[in-house]
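Please open the model in your viewer and keep the sequence panel beside it, so that each stop can be selected in turn.

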Amino acid sequence: MILKPKNIDSIILILIILAAFLISRDRSAIGSVLETGLLIIGAKEIDYKKILKVYLGVQIPLTIITLIAGQLGIIENLTYYRGEQVRMAFGFVYPTNFASHLMFMIAAWIAIREIKCTFLELGMITILVYFLDKYYDARCGEICIILLVLSTIYLKCRMYFAEKNGKKYKTSKFLNFLCLCVPFGGAGTMILLSRFYDPSKGWMEKLDSIMSTRLALGKKTFDLYDVKL
């Protein structure tokens, strides 16, 4: 990581980020938290596509090696059950963990390819969702991948019809703002729902059931380790 801050504002921002990640590492006792902070700082002024290409260059071979090792018995192929549904981890620690790896690789690929991503590629990704549903039952990962595919198809169609009319399609400021708000809004909503979860309320209990008791588990965490300054 080579840093050449151009002004005092950049230095202050870097120090604030480092301090936040240092405190998080100290409280959680997880060393990789600091590594994440250093990677964020180190990514400054680097083309995001270069970062994604390095990520895929490392992640794809490692994933293939893990899958093969799991099938050959070199590492343990953990198997879990949700009722009668068999969920295999294929060498990873948990089925949803593997699904998240796939989802991020697909997201990186689409971000690199952008609108050049063909319908054949999108079709193959959609078939992969069926594979995930059959062997992993990782619903959250499946939904995220489907949303990525639908969003890409939407943009391709908008771009095609705009070019047909001799124009260039550009996403609206509202849509850009909405996309930026969704992760923060989603995370904030989940935190609040977990913090104030009450099983006596029917709608909350139903929502918790849909989310595989994540709200109840979140509430238990808050009860045991409430938020400190």
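**Before selecting anything**

This is a predicted model, in which local features need a pLDDT of at least 70 and side-chain atom pairs count only at pLDDT 80 or more, while totals for chains, interfaces and linings use all residues. Residues are numbered from 1 along each chain as its sequence is written, and side-chain values use heavy atoms, with hydrogens and water left out.

**Stop 1: the whole chain**

Show the chain as a cartoon, and look for nine helices and two strands; these are DSSP runs numbered from the N terminus, with helices being H or I of at least four residues and strands being E of at least two. Read along the sequence, they follow the order α-α-α-β-β-α-α-α-α-α-α. The C-alpha trace spans about 55 × 50 × 45 Å along its principal axes. Of the 229 residues, 24% count as buried, a term that means under 20% relative accessible area, where exposed is over 50% and partly exposed lies in between (1.4 Å probe, protein chains only).

**Stop 2: colour by confidence**

Now colour by pLDDT, the predictor's confidence in each residue, from 0 to 100. The mean for the chain is 87, and 98% of its residues reach 70 or more. Where is confidence lowest, and where is it highest? Confidence is lowest in strand β2 (residues 85-88), with a mean of 77, and highest in helix α9 (residues 214-224), at 93.

**Stop 3: helix α3**

Select residues 48-72, the 25 residues of helix α3, whose end C-alpha atoms are 36 Å apart. This agrees with the 36 Å that the helix should span at 1.5 Å a residue, because the expected span is 1.5 Å times one less than the number of residues. Next, show the side chains of the buried residues in α3, which are Leu52, Leu56, Gln59, Thr63, Thr66, Ala69 and Gly70. An α-helix has 3.6 residues a turn, so residues three or four places apart point the same way. Just after α3, glycine 73 takes a positive phi of about 85 degrees.

**Stop 4: arginine 87**

Finally, select arginine 87, which lies in strand β2. Is arginine 87 buried or exposed? Arginine 87 is buried, with a relative accessible area of 3%. Leaving aside neighbours within four places in sequence, arginine 87 is in contact (heavy atoms within 4.5 Å) with several residues, including Leu78, Tyr94, Tyr135 and Asp137.
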